[in-house]
Amino acid sequence: MKKLILCIIFCTLYKQSFCWGFYAHQRINYFAVFLLPPEMMVLYKPNIQFISDHAVDPDKRRYAVATEAPKHYIDIDRYGRYPWTEVPEGFSDAVKKYSEDTVIANGIVPWWIVIMQQRLTNAFKEKNAAKILKLSAELGHYIADSHVPLHSNSNHDGQQTNQKGIHGFWESRVPELLAEKEFDFMIGKATYISDIPKYVWDRVRESGAASDTVLKDEAGLTKQFPADRKYSFEERSGKIVRQYSSAFTIAYNHMLNGMVERRMRVAIASVASFWYTAWVNAGQPDLKNLKKTAFTEEDMKEFETLNNAWRSDRIKGRQHE
Ligand SMILES: [Zn+2]
């Protein structure tokens, strides 16, 4: 009985994590700011806290809006085999080929990034600081998601292979345990992206190609690892939760040969480069006098709604994305 009660407590305490986890999303947006040129830094650096905090708004929106989920992934394996070149890079061409329902059901992250990029470019043209910051934070989220291997595989949480939990394991548990201590985020500079759809699809194809390794290595390690040491009860945000043990997490990261760190580094470089490209395409507007930001009442209301929906803990649409 005592065991049952303990289990119920632990299970309820363990809040679902998805999409790089809140921690990694916030770090990706944070480090991306340091790759920007000084002309952009004048706006982004004083607002770095906002850019990091709001990196997770799209995940919170998944609790409020049913149509949000497909914007975070693409089940690219449903379109045949690597390198999936038969999928049209334009949304309307893809809809013509497969039907809108199919395209949406399989996830639309590569197309959604292109739309968000255009919105950010327009915000720069309008010199609207509040819009620039809000869209930069959210675009950073979707770009980061497109770098996660299991966001490009229909077996997104190992549900087809008896590996449930692997989604949060790769994108939350590994970086939360190891990023501060072991990952290197000195990356260089943002670069201009001349062909945005091609860039996005290249990253998504890399993710799809890597997803097999993510799954196979976890299955392989599970076979080698003592079963009673795979999970452990450890502290997480001040609470005791059941999770993949530190030893298993370290061994898995070693087995992946730095893949999580590599994808996180590419995600940071991509996020900064998309922000930079939007600014260049908008004609490099002077951002010096935009330091003060005023969010509209509508924005403030949306932030509050997102937080409330997230706290309610009832997700709409697919889990783990
Ligand atoms: Zn996401």
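How many of the 23 residues of H13 are buried? In this predicted model, the count is 17 of the 23, so H13 is largely enclosed by the rest of the structure. The helix covers residues 259–281, and its first and last C-alpha atoms lie 32 Å apart, close to the 33 Å expected at 1.5 Å a residue. After H13 comes Gly 283, with a positive phi near 90 degrees.

Helix H8 takes in residues 109–126. Its 18 residues should span 26 Å at 1.5 Å a residue, and this agrees with the 26 Å between its end C-alpha atoms. Just after H8, Lys 127 has a positive phi of about 55 degrees.

H11 leads on to a further pair of helices. Two packed helices are described by the angle between their axes and the distance between the axes. For H11 (residues 196–224) and H12 (residues 246–255), the angle is about 130 degrees and the axes are 10 Å apart. The two helices are therefore oblique to each other, and their crossing is right-handed. At the contact, Asp 217, Glu 218 and Leu 221 of H11 meet Ala 251, Tyr 252 and Met 255 of H12. Of the residues in this contact, four are nonpolar, two are charged and none is polar.

Definitions and conventions: Residues numbered from 1 in each chain as written. Predicted model: local features only at pLDDT ≥ 70, side-chain atom pairs only at ≥ 80, totals over all residues. Helix = DSSP H or I, 4+ residues; strand = E, 2+ residues; numbered from the N terminus. Expected span 1.5 Å × (residues − 1). Buried ≥ 20, exposed ≤ 12 C-beta atoms within 10 Å, placed from the backbone. Axes fitted to C-alpha atoms, helices over the stretch in contact; angles between N-to-C directions. Parallel < 35°, antiparallel > 145°, perpendicular 65-115°, else oblique. Left-handed = near helix turned anticlockwise from the far one by under 90°. Contact = placed C-beta atoms within 7 Å. Nonpolar A, V, L, I, M, F, W, Y, C, P; charged D, E, K, R; others polar.
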